[in-house]
Amino acid sequence: MAPSETYVARVTVEELVKSARNHADSALTNESLMLFGHGDGGGGPGVDQLERLKRFYNADSSSIDGIPRVAPGHPNDFYERVERDSGDKLVTWKGELYFELHRGTYTSQAFVKKANRECELQLRELEFLATAASVLAAKSDGKMNYTYPKKQFEEMWKKVLLNQFHDVLPGSSIEMVFDDARAIYNDVYKQLAELRVAADEALAGAIPAAAGAHEYSVVNTLTWPVSGVFKLPPSAIITGPHVQPAAKLPSLTSTGSDALNSLVSKTLSTNTGYVQFDSVPGMSVSSAASLPIDSVSDESVSIKQTASGSFVLRNKFVTVEFNKGGRLVNFIDNELSRELVARNADGKPQAGGANRFVMFDDVPIFWDAWDVEIYHLETAKDCPPASRISVYEKGPLVASLLVEYQLSPKSKLVQTISLTASSSRLDFHTLVDWNESRRMLKVEFPFDIHSDIATYESAYGYVQRPTHFNTSWDYARFEVCCHRFADLSEFGYGVSILNDSKYGFATHGNVMRLSLLRSPKAPDANCDMGTHEFRYAIYPHKGTFFESNVVEVAHEFNSPPRILPSTAASSASSSTTTDSSLDAGLSMFAVKGARNVVLDAVKLAEDSNDVVLRFYEAYGGKAFARIESQLFYTVRFKILYFYVWESELSLNYPQRLP
């Protein structure tokens, strides 16, 4: 903050004097910034402010005693002068500049957070698909018809970015603003769907035609190959030993609201089954017939109910157990025979187990939607145990439980807890009908992991924060921001909590806590009221965060491969040409030699048809990466800006991949 301690100064005598008195670096430079104008929604400098600035600027220094000299200017000019005159003397700060206020904005208005995450990721995916399709079309001598939708991309990105303005994305605007935001996101969703169909069909026609039951394609827009169990699209008609049909829709207890029952039915009815592949190449649109298929047995993943009424889900990686109340009481790494859920001295699960739903009184001192105060932690109350728990899917690819909770007399939660045959990741698909007032819902996980720091994803990197309250600075970080994952690791082992749309998190000691929903009453009295859908997951791993593949798994959780139904693949097959065809099962772009380098964006340049690649280094180390592509025989390249932690980049396209 500037010495005047405001970003909406009015250029008064009082503010000018305060700027001089509060200037902590006066020994190094006699200049400081004063930010003036009408903020919090725009307006800029007012006439009265500009007039005062003009008079102070033109005044003789001797005519206004005690007033510091004032001059208008650009912030860049100010920082250039300070760096030139005092750069080697200035104190520097390493680490996070944590803002000790407005922690509630990580959670308020959940639908905005979810829509923002989904739109960003879908735009990234569509940019890659559209780029690949346009490059292939350019090489097809007019036989493949596709044009990169530059204008539409600009329109969609501007809409998404408009909703990132405060106080929209933070969730601290009035209700009318969020009515507009919802309409804007719906427009983006609609446009994304239409453009994705066009790109999918163009690319499906550029791979060798598949045959029979495998006449469909699999899209993976991540940098690396992805193995696992994937959801089938609604129109898919696929059979075989690597396919699990959809489970019968369950009935819910009558205590659920009509809105929640409708959401559960709608959500579960879109599940038409699962298919398992051994490896889907990164950055690819692959014919399913070209992909290796994992062998599936009846014991690939199983689910059983014990004599005590608990439920045990097991695959070759992990064994997990939920008690009758829906708590996770055992999470065992089968290879290491290691228990992940923390125990008390008597051997019972700490706090009754993990996946513990906790309700907090959420009454901040000043600003409802903006703040969560530390004293809310003293008001924690366990939500009632599950009112009903039953087997939903029995394998062999996916085993899952359907769990119902009556969180309070006003709110209910329904959760599908799933374990696949191919991963140690345990998924929680959550549907909520939320009707509280100034209360906050969190889910807690006490793990048998001990570390002084936890690792949280941020944009293109991570931030590590303490898990203790040693100092006032540590104490202030009782609620922090994270993106797709939070990780707690000790020597040899660790665990991550992944999410698809949540940003508020806390790790205190060995307890990880994900903030799910709030219910502030100002400035939007209906904030977050109604139904919600979100997912989170537990992912255990060997080694510390730096030795793990947490970044990759978090990407896969948020951007899983998609299956194009046979109609999309076959309808475009007539456009296949020799010049524009892709080699089935190969990546259009691949990063080799450095797993810590992520190719995050592939798009056409704004002012040409050049292809722009955006990379980042994910774990904080050095890297030497080689970029390969089957889209180009030769390439001219220019590195405009490549920032990683001391990494090097090598781009080499000597020939088309064999």
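Here are some friendly questions and answers about this predicted model.

Me: What kind of model is this, and how many helices and strands are there in the chain?
Reply: This is a predicted model, where local features need pLDDT of at least 70, side-chain atom pairs count only at pLDDT 80 or more, and totals for chains, interfaces and linings use all residues. Residues are numbered from 1 along each chain as its sequence is written, and side-chain values use heavy atoms, with hydrogens and water left out. Helices (H or I, at least four residues) and strands (E, at least two) are DSSP runs, numbered from the N terminus. Counted that way, the chain has 10 helices and 31 strands.

Me: What percentage of the residues of the chain count as buried?
Reply: Buried means under 20% relative accessible area, exposed means over 50%, and partly exposed lies in between (1.4 Å probe, protein chains only). The chain has 658 residues, and the buried share of them is 53%.

Me: Which residues of helix α9 are buried?
Reply: Helix α9 covers residues 550-558 and is mostly covered, with 9 of its 9 residues buried. They are Val550, Val551, Glu552, Val553, Ala554, His555, Glu556, Phe557 and Asn558.

Me: Are α4 and α5 roughly parallel or roughly antiparallel to each other?
Reply: Helix α4 (residues 110-138) packs against helix α5 (residues 150-162) at an angle of about 160°, and their axes are 11 Å apart. Axes here are lines fitted to C-alpha atoms, for helices over the stretch in contact, and angles run from 0 to 180 degrees between N-to-C directions. Angles under 35 degrees count as roughly parallel, over 145 as roughly antiparallel, 65 to 115 as roughly perpendicular and the rest as oblique. The pair α4 and α5 is therefore roughly antiparallel.

Me: Which residues in α5 meet α4, and how do the residues of this contact divide by class?
Reply: Contact means heavy atoms within 4.5 Å. From α4 come Asn116, Cys119, Glu120, Leu123, Leu126, Glu127 and Ala130, and they meet Phe153, Met156, Trp157 and Val160 in α5. Ala, Val, Leu, Ile, Met, Phe, Trp, Tyr, Cys and Pro count as nonpolar, Asp, Glu, Lys and Arg as charged, and the others, Gly among them, as polar. The contact of α4 with α5 then divides into 8 nonpolar, 1 polar and 2 charged residues.

Me: How do α4 and α6 lie, roughly parallel or roughly antiparallel?
Reply: Helix α6 spans residues 175-204, and its axis lies 9 Å from that of α4 at an angle of about 25°. By class, the contact of α4 with α6 has 20 nonpolar, 2 polar and 6 charged residues. Given that angle, α4 and α6 are therefore roughly parallel.

Me: Where is Phe317, and is Phe317 buried or partly exposed?
Reply: Phe317 sits in the loop between β7 (311-315) and β8 (318-322). Leaving aside neighbours within four places in sequence, Phe317 is in contact with residues including Ile332, Asp333, Asn334 and Ala421. Phe317 and Asn334 are 17 residues apart in sequence, while their C-alpha atoms are 5.5 Å apart in space. At 30% relative accessibility, Phe317 counts as partly exposed.

Me: Which residue in β9 is the bridge partner of Val318?
Reply: Two strands pair if DSSP finds at least two bridges between them. Strands β7 and β8 pair in the antiparallel sense over 4 bridges, and 5 bridges join β8 to strand β9 (residues 328-333), also antiparallel. In the hairpin of β8 and β9, with 5 residues between the strands, Gly326 takes a positive phi near 90°. In β9, the bridge partner of Val318 is Asp333.

Me: Which strands stand at the edges of the open sheet of 6 strands?
Reply: The order of this sheet is β12-β11-β17-β24-β23-β20, with antiparallel pairing. Inside it, β11 (residues 356-361) and β17 (residues 439-446) pair over 6 bridges. Each edge strand has a single partner strand, so one side of each is left without a neighbour in the sheet; these are β12 (381-382) and β20 (480-481).
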